[in-house]
Amino acid sequence: MSVTDTTEPTLEARATDGARVLFGVGGLIAIVLGLFVIFAPKTTAGVTLTFLAALIGAYAIVTGIVYFGTAIFSRGVGGWSRVGHILLGILYIVGGVIIMSNLMFAGVVTALMFSIMVGMLWIFEGILAFATASKSQSKVWSIIYGIISLIAGVVLLLSPMMGAVTLWWLLGISMVVLGVVQVVRAFRVGK
């Protein structure tokens with residue numbers, strides 16, 4: 001008669017196995033998505049931007065309905081406030097319908113706005129780096145960072161569409177790199 005070991009793994013061992021699976025699966029998903037972004041940037045950007053535009057359009061319509069409902073059903077809302085809520089509701093609904101009528105165009109506009117916003121942020125970061133360089137412990141690195149940030153911001157503002165494409169590729173590359181790191185972490189967890 002042989003005795004078999006029927007002990008269950010400890011809670012720590014199960015947690016380690018769970019973390020390993022999560023890191024591995026998450027890493028593989030990031031690698032696959034990153035490769036799609038790198039090798040099919042137009043297709044992936046089109047799908048992503050269309051989906052994002054649909055979310056923004058749906059949000060606008062729902063927000064408009066809420067403003068409209070607030071104007072109609074709220075008891076404590078005065079005359080001008082009620083009119084303002086109705087106007088906001090109409091604007092949101094009209095904006096949402098316009099977005100939903102051409103999702104690809106709305107997605108491209110969203111990407112351009114994002115690129116312009118990042119460009120402006122980088123310019124402000126560069127200015128801030130110059131402004132704080134005198135108090136920094138590494139003045140040279142602050143100035144170098146400021147110059148690079150300022151140049152990158154100006155380039156994005158002068159060519160926002162090319163900037164949006166570049167940012168999309170950088171996202172794909174970072175997804176692949178971070179995915180590989182996650183997979184490596186999956187094999188290293190618990191060792």
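Helices α2 and α3 each supply at least two residues of a nonpolar surface patch (helices being DSSP runs of H or I, at least four residues, numbered from the N terminus). This is a predicted model, so local features need pLDDT of at least 70 and side-chain atom pairs count only at pLDDT 80 or more, while totals for chains, interfaces and linings use all residues. Residues are numbered from 1 along each chain as its sequence is written, and side-chain values use heavy atoms, with hydrogens and water left out.

Back to the patch. Phe68, Ile72, Phe73, Trp80, Val83, Leu87, Ile90, Val94 and Ile98 make it up, covering about 990 Å². To join such a patch, nonpolar side chains must lie within 5 Å, on residues with over 30% relative accessible area and no salt bridge (a Lys or Arg side-chain nitrogen within 4 Å of an Asp or Glu carboxyl oxygen). Helix α3 gives the most, with six residues. Val83 sits in α3 and, at 39% relative accessible area, is partly exposed (between buried, under 20%, and exposed, over 50%, with a 1.4 Å probe and protein chains only).

Next come the rings. The whole structure holds one aromatic pair (centres within 6.5 Å). Tyr67 and Tyr92 have ring centres 5.7 Å apart and planes at 10°, so they count as stacked (planes under 30 degrees apart). This pair ties α2 (residues 41-73) to α3 (residues 79-101), across 25 residues. Tyr67 is partly exposed at 27%, and Tyr92 is partly exposed at 30%.

Elsewhere, Arg185 lies over the face of Phe23, 4.1 Å from the ring centre (CZ of Arg within 6 Å of the centre and within 35 degrees of the ring normal).

Note on methods:
Phe/Tyr/Trp six-rings, centres within 6.5 Å; stacked < 30°, edge-to-face > 60°. Patch = residues over 30% accessible without salt bridge, like charges linked within 9 Å, V, L, I, M, F, W, Y side chains within 5 Å. Areas by Shrake-Rupley, 256 points an atom, 1.4 Å probe, with all protein chains shown as cover.
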